[in-house]
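Biologist: Please take a close look at the site around the ligand. I would like the contacts, the surroundings and the definitions behind them.

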Amino acid sequence: MIEFIASAMKHENNVAIRTSEADFTYKDLLERSGQIAASLLNGREHLNEARIAFIINPGFEYVAMQWGIWRAGGIAVPLCVKHPFLSLKYVIEDTSAEQLIYTDDYHELISPFKSFENLRVSNYQNLHEDAADLPQVDADQRAMILYTSGTTGKPKGVVSTHCNLKSQVNSLVEAWQWTSDDHILNVLPLHHIHGILNATCCPLSVGATVEFLPKFNPNTVFDVFMKGDVNIFMAVPTIYFKLVTVWKTFSDEQKSEVKDRLSQFRFMVSGSAALPVSVLEEWRGISDQTLLERYGMTEIGMAISNPLIGERRPGYIGQALPGVGARLYDESAEVKEEGVSGEIQIKGDTVFKEYWKKPEATEESFTEDGWFRTGDTAVIENGYFRILGRNSVDIIKSGGYKISALEIEEVLRKYPGIKDCGVVGIPDEEWGEIIGGGLVAEKDEIDLEKLNSWLREQLPNYKIPRKYLFLDDLPRNVMGKVTKKELKTLF
Ligand code: MLC
Ligand code: AMP
């Protein structure tokens, strides 16, 4: 059995999952995931890496499903619960999923899939086979596909093996000293590595408790914190920004209670985007906690981190995590000198296997000697990595989500009256970056309100900011005259 699921047996009576409805033990998880595995197998001996897509809210059912797929030898394809039908269809078709499992909330959304050939669609409630003998699942088998935007084309499926996931888990368990006494609050989406690996798999691998909220809400987060059980929290910088905003509305008494409580946490992590030093400092004032900033990517799990014990340096992402090879590389050689910038490259068992059915993209993303090119530029200063930015202006990180500028441009160019356009990420304190663009109009003024609504409809996966998409004082024909790098500086 997958190593970290096997270790659940040692903690059978611990609470594995807490939701607003109930507590679930590791025994519950093992029993339910066993039934699910048997149902997915449906008499077969092994799923042999069949892709099993599922759309399930954060909670016990989600984890039982994930474990069930892994125990039956399948590849887990978690779908985003906020995505519309067409985005789900892209993932289902790209992975050639064999089965799609849903819970009642998604009954209507997924019903068109019922007529898809070669796709078995089942309600989670109906997966009730008696647990059978489950197959041996080897470490080099594929375990999960997560979708990530790139600089070209549609999102790519990042394939991780069981060995990759185990190595990613082990690295963080060692670095952050996870134990079965820990209790994390997880408010992150569960179709991305941060919420899945760092905030769910790591705690569950050691017998700790994961508490889920169905959706992020800053007030509810403080309510849960104040109950007194949670001792670890992880989020993207935007979430800390939103927590700070709500905290400012509290009375002095509430603020003091919050500080007493949060100062008892073992640690709090920020990642997935650069943590502004201003947010780190405000949060320190609120909680007496210095946020532990770390750096990662869907393809590599977590790679570089500030330490649990020792100096957490604001504005820096720290040093390579256990078991992770990290180097800086400029055009032709490894950067050996401090203060000289280069691309972060990563090597080791934590690094993914491939982009699903995209051998060329996979090959391009590795150097000849097997290092993964992250596309992020950094320097090392006094032993710590500091991120300078991305190699490509075509990747935007907003609210912790990766967005392809090119995908938005492609859609924009279809809008009547737009001759050309350039989309870039504009720095923003709350969201990290927000989506912005310059347009070349064919002749007349473009009605920006209408364009904005249209774009929101066309790209429902992306959060197109209502207010900021086009700044009125920017010359409309700006794209005809500047490169995208220059465009970025114009905003
Ligand atoms: C939402 N809004 C935005 C926006 N997102 N506006 C501008 N830019 C954005 N990025 C607006 C919406 O349009 C809406 O406005 C309003 O904010 C509320 O939208 P919402 O969807 O309800 O927002 P909320 O639930 O508050 O979501 C914010 C969030 C979410 C921060 C909780 O974005 C989130 O969960 N992010 C985490 C992503 C994550 O896990 N990334 C990890 C990837 S893995 P209106 O006008 O329509 O009302 C990775 C590797 C690693 O990166 O290192 O970890
Ligand atoms: P994703 O492809 O969604 O997994 O996002 C990975 C990208 O998020 C990385 O390539 C970085 O650009 C960015 N990222 C993650 N953590 C940090 C961080 N601590 N600081 C700056 N950028 C980060």
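Modeller: A nitrogen atom of ligand 1 lies 2.9 Å from a polar backbone atom of Gly400. A polar contact here is a pair of N or O atoms within 3.5 Å; within protein, one atom must be able to donate a hydrogen and the other to accept it, and residues adjacent in sequence count only if both atoms are side-chain atoms. Side chains reach the ligand too. Ser398 places a side-chain N or O atom 2.7 Å from a nitrogen atom of ligand 1. For Arg294, a side-chain N or O atom is 2.7 Å from an oxygen atom of ligand 1.

The protein covers 80% of the 1100 Å² of accessible area that ligand 1 has on its own. Accessible areas come from the Shrake-Rupley method with a 1.4 Å probe; for residues, only the protein chains shown count as cover. Helix H7 (193-206), helix H9 (237-247), strand S13 (292-297) and strand S21 (395-398) are the elements that give two or more residues to the shell. Helices (H or I, at least four residues) and strands (E, at least two) are DSSP runs, numbered from the N terminus.

This is a predicted model, numbered from 1 along each chain as its sequence is written, with chains lettered from A and ligands numbered from 1 in the order in which they are written. Local features need pLDDT of at least 70, side-chain atom pairs count only at pLDDT 80 or more, totals for chains, interfaces and linings use all residues, and side-chain values use heavy atoms, with hydrogens and water left out.

Now the shell itself. Ligand 1 is surrounded by 28 residues (each with a heavy atom within 4 Å). Ser272, Arg294, Lys397, Ser398 and Lys463 are the closest. By class, the shell holds twelve nonpolar, eight polar and eight charged residues. Nonpolar covers Ala, Val, Leu, Ile, Met, Phe, Trp, Tyr, Cys and Pro; charged covers Asp, Glu, Lys and Arg; the others, Gly among them, are polar.

Strand S13 also belongs to an open sheet of nine strands, in the order S2-S1-S10-S9-S11-S12-S13-S14-S15, with mixed pairing. Two strands pair if DSSP finds at least two bridges between them. Strand S2 (23-25) and strand S15 (319-320) stand at the edges; each has a single partner strand, so one side of each lacks a neighbour in the sheet. Within the sheet, strand S11 (residues 232-235) runs parallel to strand S12 (residues 267-270), paired over four bridges. There, Met234 stands opposite Val269 in S12.
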